[in-house]
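Keep the sequence and the 3D view side by side. Read each paragraph with the residues selected.

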Amino acid sequence: MIISLAFRISFADSVMLLAVHVGGAILESQAPHRELQAFRLLQDCPGCNNLQEVSASSLAAVHYDPDLKDVNIVATYSDHYGNIRLGRVKMGDLSSSWVLDNPAKKQGPQLVIPRDSFQNATIMEGSASHSTTNQSGESENQFPHVEFTSPAKLKRQILRKERRGQRTLELIQQDKETDEQMQEAAIEKSMSFENSVIGKYSIWRRDYESPNADAILKLMRDQIIMAKAYANIAKSKNATNLYVFLVQQCGENQRVIGKATTDADLPSSALDQAKAMGHALSLAKDELYDCHELAKKFRAMLQSTERNVDGLKKKGTFLIQLAAKTFPQPLHCLSLQLAADYFLLGLNEEDAVKKDANRIKFEDPSLYHYAIFSDNVLATSVVVNSTVLNAKEPQKHVFHIVTDKLNFAAMKMWFRINVPVDATIQVENINDFKWLNSSYCSVLRQLESARLKEYYFKANHPSSISAGADNLKYRNPKYLSMLNHLRFYLPEVYPKLEKILFLDDDIVVQKDLAPLWAVDMQGKVNGAVETCKESFHRFDKYLNFSNPKISENFDAGACGWAFGMNMFDLKEWRKRNITGIYHYWQDMNEDRTLWKLGSLPPGLITFYNLTYAMERSWHVLGLGYDPALNQTAIENAAVVHYNGNYKPWLGLAFAKYKPYWSKYVQFDNPYLRLCNIIE
């Protein structure tokens, strides 16, 4: 026997069975025919309260009657796309939640009620009547309205509906509050809105709709390029009149453009000239236009322009290096004036016989000692002034300045007439250090060698700018000065001191540096700020790791650090013989195969694994080459460093960084006014 069921499945949390048709005898020995009636969820049906409970015998009839086990049930249902689907299941496969009601025992609607139905809580209502035909060809049977009831589920449905309503009200209220806040913020912002016209244009004016402020200028420059191309083609084809006409128009365009950088700089006749040039180009196109020929000419012009740009870049690099390494005329004037007055006033003789009254302070290890090695009087004065003005106890600060013989008199004279308040200044001449000679110092021995002199001075070097630009930075005069290498001899220069802070002359102090003497360096010799960021400024940038002497002793990824503000523990220095390590590696690099010239690469080697990393806020670098430094980091730094080519005393300096340095320059000093050193 086959029982046909019609299902309708709703995916809104409910499943409904609409109709059932049963036909045929189950077994010939069984007279009563059982009919399986459909069910659906109950919602306010009129006969719901009159339903009788299904007896346990009905359950047993379905699941324990062996004759019913093999009854096939064919179910038809529609999916969510509306397609009709067929399914077949045996009576014995029904779960225990299904109960079969015998229609012979009851009148009225026949129900099959699952105890633990798979139906969800969505309330469904309505009725369904379906017609089916059994296998023996019986006539259509109309099934009555059937419904499913579950009071507990009905209650849950009602509670769920109430919660949804409550949540909807809460969301509406939140939306109202948000709208009110936005309205208040908009009103407040509109109250403070400034609608006055600032500068030349207002963004609300119609003539500002085109933000391109140099459209005409660009057009005229492009016209010149096109005219030159057509003029060359006209010349090659002997179109003399057209050639002369195009050259004249090019000259007119260039005359009108002049030094203009925007449309506002152009004269009133610019637009008329652009139109005239456009007419000329139109004539040239009609007479000479050849796509292949024009493309060929443009390609040649592009290659020529690229060569010119490359040459200009190399010249620019050379000129920047030259400007950075030469001594500005005002600073040269300052040194000459100071030195002349020093000797005219007889101060040199006075200093020769006078014993320095501050000798005790120079050797007192309980004070804060600074080492500054420089030949730049103005730069050194800024370092000293900025340090003293930001010190809480300036009387405890002692500055040891070492300069060369040429600038010794000027340096002495400056700090005689510009003595910092309470601070102590010692000025020394490097030529007075008799122990610093070529027999002891590797660098001096190398500087006196014929090979190094040839590297710097002989004429067999690349003479052209483009050929020699790559090595130009290494041919810096400072590399020939022992002032640049004297930092590796600090224990010999100051044998009585235990700690000393080394400062470059291109730094500015913005905070009290006394706390640096209290920093625990954990047995390290050098205290410095690390400069590595990701892959930048690591050892492989400074050293030649293709040489096994370097690759076998150092880590290419080790973090670099900077000279400029370094705290040196001279006791540890002497204990570890740091100067001896420096001499060893300088001797190894006599042929300059381990690193190029300079003091930082040998410093990285000498203090390898002996450098204590200090907080970055102590020392901010890059003001001499990086225009995009963080302004907050600069203002919060204890020391700012103008390392790079754009020194603050040069015209190359970045304008936004220069005030940090110039605020400590005494521009009202008569020597500065005399040499035209102005702010």
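The model is predicted, so local features need pLDDT of at least 70, side-chain atom pairs count only at pLDDT 80 or more, and totals for chains, interfaces and linings use all residues. Residues are numbered from 1 along each chain as its sequence is written, and side-chain values use heavy atoms, with hydrogens and water left out.

Start with helix α3. Helices are DSSP runs of H or I with at least four residues, strands are E runs of at least two, and both are numbered from the N terminus. Helix α3 covers residues 215–236, 22 residues in total. From first C-alpha to last, α3 reaches 32 Å, close to the 32 Å expected at 1.5 Å a residue. That expected span is 1.5 Å times one less than the number of residues.

Which residues of α3 are buried? Among them are Leu217, Met220, Ile224, Tyr230 and Ile233. Gln223 is buried too, as are Ala227, Ala229, Ala231 and Ala234. Buried means under 20% relative accessible area, exposed means over 50%, and partly exposed lies in between (1.4 Å probe, protein chains only). The buried residues of α3 pack against α4 (240–257), α5 (270–288) and α6 (291–325). After α3 comes Asn238, with a positive phi near 60°.

Now the sulfur links. A disulfide is a covalent bond between the sulfur atoms of two cysteines. Here the criterion is a pair of cysteine sulfur atoms within 2.5 Å. The structure holds 2 disulfides.

The torsion about the S-S bond of Cys333 and Cys675 is -75°, a left-handed link. Cys333 is partly exposed, at 22% relative accessible area. Cys675 counts as buried because its relative accessibility is 5%.

A disulfide also joins Cys532 to Cys559, with S to S at 1.7 Å. Cys532 lies in the loop between β10 (526–528) and α16 (539–542), and Cys559 in the loop between α17 (548–551) and β11 (565–569), so the pair ties together parts 27 residues apart in sequence. The S-S torsion of Cys532 and Cys559 is about -95°, so this disulfide is left-handed. Both Cys532 and Cys559 are buried.

Two further cysteines remain. Cys250 counts as buried, at 7% relative accessibility. Cys441 is buried, with a relative accessible area of 0%.

Key: Contact means heavy atoms within 4.5 Å.
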